[in-house]
Amino acid sequence: MKTPQVLCLLFVLTFACSCSKTDDSEKEEPSVVEQSYQLAAILTDKQSLHFTYNEQGQVSHSEEKDTLSENTRYNVERDYSYVLTDGLIFSRSVYHREGEWGTNNRELDYRDTLFLNKQQRVDSIHRHLIADGHIQQWFVLWYKYDDDGQLTELSMKSSQGTGRWSQWQRRGTLVWQDGCVMKYAQPGGQPDITYTYTNLPNDLYIDARSNLVWNDWIPLLQWFGRKPIYLQQTQERDRTLDHFSYLYQDGRIVSETQEIIRGEKTVTGVLYFEYSLRCR
């Protein structure tokens, strides 16, 4: 359930954060300030996504850029607003693509409303696609969770703007074991996705659930229930095996290498992570 060709992300934010405590009455040793970091960037050679945060540390704006081919480029700007007291999150995504529709550039405007349940998890997402001033397509996604707050099921229905449900319908279930997603199963002959894990704690911004959440909502993963407690090691689907390895520096993951193996062909890609400092 990911948008095509949009797997990697980049945030290039540099926050200057300083905390100090002084007392004119007496000299003391500088107090130790607990520092925390938030992911500021994920870099690849052709993709970039910049994030802006609000005072609560929630993503308020993002801008994504990508090169699909030599003649096709796109950028996506997304705005997020939160009314958590009413159980709502609003998201607007404006896609601007060059080359994909021939010589004419085009913008697509997606308006999303995310409804939260009483446990502050996403219960459903209602999306409208507005193109040329008219609603062209819309869909609704529903999510279910177990008693431990783990995402266990999602279902989807779509309409082409006619007011009737189309045949585009999906449903899938997640199988958890020992705090990790082990399988995503789809009925109707669709291939399952299976996962294995390292023994490294999952401190990344994305995880196995991001296979089921479009890039528009990846910044909102904290509202999709508990994340797997470990980092992925492999992901397998339809005779394609993805293998992940990680590089640490100063206690944080600075890169993830992904090997995609299909038959005798192997493709390798690297994500580079950057962080911004926050003061508590």
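A charge sits over a ring if NZ of Lys or CZ of Arg is within 6 Å of the ring centre and within 35 degrees of the ring normal. Arg121 meets this rule over the face of Tyr145, 5.8 Å from the ring centre. The model is predicted, so local features need pLDDT of at least 70 and side-chain atom pairs count only at pLDDT 80 or more, while totals for chains, interfaces and linings use all residues. Residues are numbered from 1 along each chain as its sequence is written, and side-chain values use heavy atoms, with hydrogens and water left out.

**Overall architecture**

- The chain contains zero helices and 16 strands, where helices (H or I, at least four residues) and strands (E, at least two) are DSSP runs numbered from the N terminus.
- Of its 280 residues, 44% count as buried (under 20% relative accessible area; exposed is over 50% and partly exposed lies in between, with a 1.4 Å probe and protein chains only).
- Among contacts (heavy atoms within 4.5 Å) with a separation of 6 or more, 45% join residues 24 or more positions apart.
- The accessible surface, from the Shrake-Rupley method with a 1.4 Å probe, is about 16,000 Å², and carbon and sulfur atoms hold 46% of that area.

**Nonpolar cores**

- A nonpolar core is a set of buried Ala, Val, Leu, Ile, Met, Phe, Trp, Tyr and Cys residues joined through side-chain atoms within 4.5 Å.
- The largest core has 37 residues, and those with the most contacts inside it include Leu114, Tyr143, Trp217 and Phe224.
- Strand S8 (residues 134-145) supplies the largest share of this core, four residues.
- Beyond its neighbours within four places in sequence, Phe224 contacts residues including Val122, Ile125, Leu151, Arg209 and Val213.
- A separate core of nine residues includes Leu39, Ile42, Tyr246 and Phe273.

**Aromatic pairs**

- Five aromatic pairs are counted, with ring centres of Phe, Tyr and Trp (its six-membered ring) within 6.5 Å; planes under 30 degrees apart are stacked, over 60 edge-to-face and the rest tilted.
- Tyr95 and Tyr110 form an edge-to-face pair, 5.0 Å centre to centre with 75° between the planes.
- This pair links strand S5 (residues 88-98) with strand S6 (residues 106-116), its members lying 15 residues apart.
- Tyr95 is buried at 4% relative accessible area, and Tyr110 is buried at 14%.
- The pair of Phe139 and Trp217 is edge-to-face because the ring centres are 6.5 Å apart and the planes stand at 75°.
- Phe139 lies in strand S8 and Trp217 in the loop between strands S12 (193-201) and S13 (230-237), so the pair ties together parts 78 residues apart in sequence.
- Phe139 and Trp217 are both buried.

**A further charge over a ring**

- The charged end of Arg252 lies over the ring of Tyr275, at 5.6 Å from its centre.
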